[in-house]
Amino acid sequence: DGSGVAGWAGWPLPDYPLTQWPTGALVQTPTTFLIPATVATGTYRLVAGLLDPATGAKQPPIGLGNVAVHQRTANFIPVQPALPLPNPAQFGTHVQLLGYDLQQQGEQMTLTLYWHVLQSLVPPHQLFVHLDSPDGVTLAQTDDTPQDANGPAPTGSWQPGEYLVTQHTLSATALSAPTTVLRIGLYVPTTGARLPLTIAGAPAGDALVLPHDE
């Protein structure tokens, strides 16, 4: 109906302003923007145009075509972990970890995490699960986009109020070590910056240690 649901405005080539374009030049202007998690499944029209940064006046947009958007299916029914945390562990202002399940067989450990989403998280973050030695050396790990039973669940697609269950598998001889530390957290892959952790309102670093039996 012409209403905007997502977009971007700015100039992607700061070293190549319009005033430097030679007549007849072919210029590519790459842009990236995220689609909000609340945008419903459907077909949307993609348009582009120019605007005057001084006045905000826009020239008539040009239609580039249609884009099919598929909203990730979210669960809003509470789930019960086998090992609930006494106090939910909150990462930033975005998500709380309610508890977890843990299964270990030989040199393979399967960790299931139970989350309650407070708000979507952009830019997209990845979820890490590290099995560390007591002195902090990572012995086994998974670092990836969160996934639920239906497939990828990137943090930008999280919907407020949903309950998300993610599963992670670690496989290494280190699982049989006498003492290991299991840590989880969320981070920006391009910078490595981690979300801060709070428990019962108190700062608790940037990674949560989960009790486990070796």
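Helices (H or I, at least four residues) and strands (E, at least two) are DSSP runs, numbered from the N terminus. This model is predicted: local features need pLDDT of at least 70, side-chain atom pairs count only at pLDDT 80 or more, and totals for chains, interfaces and linings use all residues. Residues are numbered from 1 along each chain as its sequence is written, and side-chain values use heavy atoms, with hydrogens and water left out.

**Confidence**

pLDDT is the predictor's confidence in each residue, from 0 to 100. The chain averages 91. A score of at least 70 is reached by 96% of the residues. Among the elements, strand β7 (residues 138-144) has the lowest mean, 90. Strand β12 (residues 197-199) has the highest, 98.

**A patch on the surface**

Patches are made of residues with over 30% relative accessible area and no salt bridge; like charges are joined within 9 Å, nonpolar side chains (Val, Leu, Ile, Met, Phe, Trp, Tyr) within 5 Å. A salt bridge is a side-chain nitrogen of Lys or Arg within 4 Å of a carboxyl oxygen of Asp or Glu. Accessible areas come from the Shrake-Rupley method with a 1.4 Å probe, and for residues only the protein chains shown count as cover.

Here, Trp-8, Phe-33, Ile-35, Leu-46, Ile-62, Leu-64 and Val-67 form a nonpolar patch. Together they have about 620 Å² of accessible area. Strand β2 (residues 62-69) gives the largest share, three residues.

Buried means under 20% relative accessible area, exposed over 50%, partly exposed in between (1.4 Å probe, protein chains only).

| Residue | Relative accessible area | Class |
|---|---|---|
| Ile-35 | 41% | partly exposed |
| Phe-128 | 1% | buried |
| Arg-72 | 14% | buried |

Ile-35 sits in the segment before β1 (42-48). Phe-128 lies in strand β6. Arg-72 is in the loop between β2 and β3.

The C-alpha atoms of Phe-128 and Pro-146 are separated by 9.0 Å, though the two are 18 residues apart along the chain.

**The nonpolar core**

A nonpolar core is a set of buried Ala, Val, Leu, Ile, Met, Phe, Trp, Tyr and Cys residues joined through side-chain atoms within 4.5 Å. The largest one has 27 residues. Phe-91, Leu-97, Leu-113, Trp-115, Ile-184, Leu-208 and Leu-210 touch the most other members. At least two residues each come from β3 (83-91), β4 (95-105), β5 (108-117), β6 (126-132), β10 (163-171), β11 (181-187) and β14 (208-210). The largest share, five residues, is from β5.
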